[in-house]
Amino acid sequence: STSHVRMHPFDPLSDIALHVVERLKAYMRVIERFLDDHVEEQLVEIPVHYGGKDGPDLIPLAEEKGLTPDEVIELHSSTVYTVAMIGFMPGFPYLEGLPDILASTRLPVPRLKVPAGSVGIGGSQTGLYPFESPGGWRIIGRTDAVLFDVRRNPPARFKMGDRVRFIPVKK
C-alpha cells in the first residue's frame with residue numbers, strides 16, 4: 001500500500017502561502033509600474049554663465065559663506081541634482097541636492113525682473129527661471145538653454161525625477 005499525505009482542504013499553511021504569493025504578485029505589479037515610470041529619467045546638462053551680470057548674487061553669496069566665487073561655482077556645478085517638483089511657474093524645476101554650505105535665505109526684497117534662464121538658490125534648493133519674472137532667489141548664473149517651449153512636446157525641459165548637472169561656461 002502506498003502511503004501518501006492527505007492535505008486537508010482548509011490547511012492554514014496552504015492558505016497563508018496562497019496569500020503571500022498573491023501579495024507578492026501585487027507588489028511586483030507596483031514595482032514594474034514604478035520602474036516603467038522612472039526609466040525615462042534623464043541626465044540633463046545645463047551650461048551656465050556664472051557671475052557678472054548673469055549672476056549678480058554670486059559674489060555676495062560667496063562672501064556670506066566665506067568662500068571665493070570660484071569655490072561657489074565648483075560646489076554648485078559638481079553636484080548632480082534631482083528635479084523634486086515643477087512649480088511656481090510652468091517649467092520651473094525645484095532641484096534637490098544643493099551642498100549644505102550653499103543653502104541661503106531668499107533676498108529680503110524680491111527683484112521685479114529676474115531674466116529667463118536665471119539659476120538661483122532659495123533655501124536648500126536650486127532652480128531655473130524658464131521666463132522673466134519677479135523672484136527672490138539668489139541669482140548666481142544664467143543659461144541660454146530654452147527651459148519651456150509650447151512648440152515642444154512636452155513643453156517643459158524637465159520633469160520630476162530628472163537629474164541635472166550644471167556645466168560652467170568659460171568666459
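This note walks through a few points on the structure above.

1. Ground rules. This is a predicted model in which local features need pLDDT of at least 70 and side-chain atom pairs count only at pLDDT 80 or more, while totals for chains, interfaces and linings use all residues. Residues are numbered from 1 along each chain as its sequence is written, and side-chain values use heavy atoms, with hydrogens and water left out.

2. Aromatic pairs. You will find eight aromatic pairs here; rings of Phe, Tyr and Trp (its six-membered ring) pair if their centres lie within 6.5 Å, and planes under 30 degrees apart count as stacked, over 60 as edge-to-face and the rest as tilted. One of them is F88 with Y129, edge-to-face at 6.0 Å centre to centre and 85 degrees between the planes. This pair links distant parts of the chain, 41 residues apart: F88 sits in the loop between β2 (80-86) and β3 (93-96), and Y129 in the loop between β6 (125-128) and β7 (133-135). Helices (H or I, at least four residues) and strands (E, at least two) are DSSP runs, numbered from the N terminus.

3. A pair worth a look. The rings of Y94 and W137 have centres 5.7 Å apart and planes at 70 degrees, so this pair is edge-to-face too. Y94 belongs to strand β3 and W137 to the loop between β7 and β8 (138-142), so the pair ties together parts 43 residues apart in sequence.

4. Buried means under 20% relative accessible area, exposed over 50%, and partly exposed in between (1.4 Å probe, protein chains only). Y129 counts as buried at 1% relative accessibility, as do W137 at 4% and Y94 at 14%. One aromatic cluster is formed by F88, F92, Y94, Y129 and W137.

5. T126. This residue is found in strand β6 and is buried, at 0% relative accessibility. The side chains of T126 and H76 are joined by a polar contact of 3.0 Å (a pair of N or O atoms within 3.5 Å; within protein, one must be able to donate a hydrogen and the other to accept it, and residues adjacent in sequence count only if both atoms are side-chain atoms). Leaving aside residues up to four places away in sequence, T126 touches several residues, including Y94 and W137, where contact means heavy atoms within 4.5 Å.

6. P60. Helix α2 (residues 58-65) holds P60, which is partly exposed with a relative accessible area of 38%. Its C-alpha atom is separated by 9.3 Å from that of R138, and P60 and R138 are 78 residues apart along the chain.
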